[in-house]
Amino acid sequence: MSGAPLIRFDNLTLGYDRHPAVHHLSGDIAPGSLLAVVGPNGAGKSTLLKSLVGTLSPLEGAVHTGNLARVDIAYLPQAAQIDRSFPMSVFDLVAAGAWGTAGLFGGFRRKQLAVIHEALTALGLAGFENRTIGALSGGQLQRVLFARLLVQDARLILLDEPFTAIDGKTAADLLAIVKRWHGEQRTVIAVLHDMDVVRKHFPQTLLLAREAIAWGPTHAALSADNLLRARRMIEAHDPRAEPCAHAA
Amino acid sequence: MTRARNPARTRPDTVIADYLISPFAEFAFMRRALVGSFALAIAGGPIGVFLMLRRMSLVGDAMAHAILPGVAVGYLIAGLSLGPMTLGGLVAGFAVALLAGGVARVSVIKEDASLAAFYLISLALGVTIVSLRGSNVDLLHVLFGSVLALGDEAMILVAGISTLTLAALALIYRPLVLDTVDPGFLRSVSRAGPAVHMIFLALVVLNLVGGFNALGTLLAVGLMMLPAASSRFWSADISVMIPLSAALGMLACYSGLLASYHLNLAAGPSIVLAAGAIYIISLLAGQAAGLLWRLLPKAHVSR
Amino acid sequence: MLDRRTLIAAAAAALALPGALVAQEAKLPVVASFSILGDLVQAIGGARIELTTLVQPGSDAHVYKPTPADAKAVASARVVITNGLKFEGWMARLMQASASKAALVEASRGVKAVEAQGDKPGHGHGGHSHRGLDPHAWQSVANVKIYVANIRDALAAADPAGRLLFEGNAARYLAELDALEAEIRRQVARIPPDKRRVITSHDAFGYFSAAYGVEFIAPRGLSTETEASAKDVARLIQQIRRENVTAVFVETISDQRLIEQIARETGAKVGGTLFSDALSPANGPASTYILMMRHNATTIAAALAPNS
């Protein structure tokens, strides 16, 4: 891995209401990585993604995203707070991904329209353009959100549990898109809980249990030992414990 | 064979003209009422659509009470004079709207509870101020106008607000839609969210207070919410709902004024009742979501 | 037999006597319900009474909500004077709530009451109005003479020692009322008979109309209580055009705009402000009853008489 890292975590501590969810995390992520973030419940995985998007400020330490601007980062949260009853078409929701190039009131130029249509086709949504988002199934909505991510054309893509509660065919199609991004040298970080998927498709893994238990090639990171240590870490957590020794 | 005495007067097209057009042709106050209420409907409809989609449909009523301390202070300073009282009303309205919106944005309290809290505080403050002065004048009643009494300043006010609103909405349309349907996404790609929210609230207050002043509370809020709700039954596309709500509002103004004229009904309520009738018809028969359509047998699988 | 006990009793009685005299010099506490009545009561009661008026100038007696201070005043009053004719709907409850032992007097007792005109435009309706009596009896000076007599008698009944003073004040005031009556008639006489009609917003001048021959047209919806219909406004405009009514008058700011709209469309003049239910504040043109009546008559005449 040559060249400067895309992301650097510097003794990062994140939390809500002063309760740390991520503890003194340090490390680098190289550009073009395909990284899975796994760990038990409550391990701080979603929190870590939020710090990368910029919606959560560190309690201590820092996140360095180098020369990434806001438009270079695309984020798919775990449970999208989309108002399904809103009278919006699939096309419009996907087109919102072109925010970066179209801005506040630009009309869509031919090139952008082509991008949007291509994204819809890639996700198997050709013909769904005029359908209302309220009429979509869970799997279809996830396809639509992935199409939007495609349109965003970002350098860093963050996915939080993207395959939860959707059917196998859709999951396979979405994975294909992830592969495509990796092929395009984009950096993809995905929080996942299905270890099979991680082992099969993700070369790098960060095993997180508030601290980094293991970080590196997937096979080594997901050893039985490490998984046990991660679980113990979460179970041992005492919310009333004294401030830790690492604290500055 | 007897002939009707005035054959010309009973021809269908003259009857229609008499009924539908001549009240406006003959009376200046009818024309002004039509133009003024049209202006309110054109801006009110789109605002109402967004209020409805952002689950803020009861804001209008809350705002009618929230402006009281501003009106009271205007009254304390300048007596029963419309200019200062309206200005005070605007200030109070903006304060409540922006405070409520801001608090909802940064705390656990949601939009509706935040607004309820602030408008109640504001109302109580207003009542206290009024009772300190000792007078018993019904300030809100004095502030609110009537569609049949549109003076020149009121016409200019409503027209100006309408133009400003449409221009501002065109400007913030895209981020406002995103902020309503998927605020998380907007937040992840732009910092425009809070600003857009505040601008929208400001537009709401401007339209409401201006509408109260010119045309009364019932009419201002009614022309905002009823056509918007009606439009939902005819289209599932927000870019159609917006012009449709304006059109339905204008239809209500026209037919309401005619009803007031021919049936001797109070004018403002007539317009709102017309809007209400349009709503009921839409609710039942609207092509996109009307209730009656559900009763008809439908094809199960579209081929 | 002047023993010690008797002496002490006599001394005590002697000490109490000045106290009794002092008590008798204290003023008679009186409450008047609204500003017009207050002015009349003060004119008759003079320095012997301590007057509290409940509904102040500028406030509306129809929808008045009494305050705790009002309840206190009523509780400690000996006489409470109201207009009657159902003008003060809130007084009965206030008397009850304050447990007042005051004598409640209706100043309009003995006045020949007129039916409320109801809110109908002009005169086309056969006069069937089911709205009760018109309480604004003070708009006719002759009625106010009856008011004065009632007030004088009520005060004298509560404070017999002041009877002579009250009668003197009343007599003087009645003389002023006579002069006022003559002046009003003089003003009205300036107006050509075919022009003696005005548009006003509030339906409060029925007694004035009957006494002095000026027609007041108060269409429905121009007052603050009801909303106007387009038909009413249209009919009114047509009537103004047809009958050539030249003046409209406003009363409160809320109906001002509609009146101005009508004036604009018909070419009628907005003649000024009339006072019907209350006096103006002290710095205004109608701060006493006599000033108020004079102001109304002068304003109407000024708007309708030919050389104005």
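## Strands 1 and 3 of chain C

In this predicted model, strand 1 (residues 28-34) of chain C pairs with strand 3 (residues 79-82) of chain C in the parallel sense, over three bridges.

How enclosed is strand 1 of chain C by the rest of the structure? Six of its seven residues are buried, so strand 1 is largely enclosed.

## On to strand 2

Strand 1 of chain C also pairs with strand 2 (residues 49-55) of chain C; these two run parallel and are joined by six bridges. Here Ala32(C) turns up again, with Thr53(C) as its bridge partner in strand 2.

## On to strand 4

Now back to strand 3 of chain C, which pairs with strand 4 (residues 103-106) of chain C through four bridges, again in the parallel sense. Ile81(C) has Val105(C) as its bridge partner in strand 4. The chain gets from strand 3 to strand 4 by way of helix 4 (residues 91-98) of chain C, and this β-α-β crossover is right-handed.

## Two covered faces

In a regular strand, side chains alternate between the two faces of the sheet. For strand 3 of chain C, both faces are covered. Val79(C) and Ile81(C) are buried on one side, while Val80(C) and Thr82(C) are buried on the other.

Definitions and conventions
Residues numbered from 1 in each chain as written. Chains lettered and ligands numbered in written order. Predicted model: local features only at pLDDT ≥ 70, side-chain atom pairs only at ≥ 80, totals over all residues. Heavy atoms only, no water. Buried < 20%, exposed > 50% of the residue type's maximum accessible area, 1.4 Å probe, protein only. Pairing = 2+ DSSP bridges. Right-handed = clockwise from strand over helix to strand, strands pointing away.
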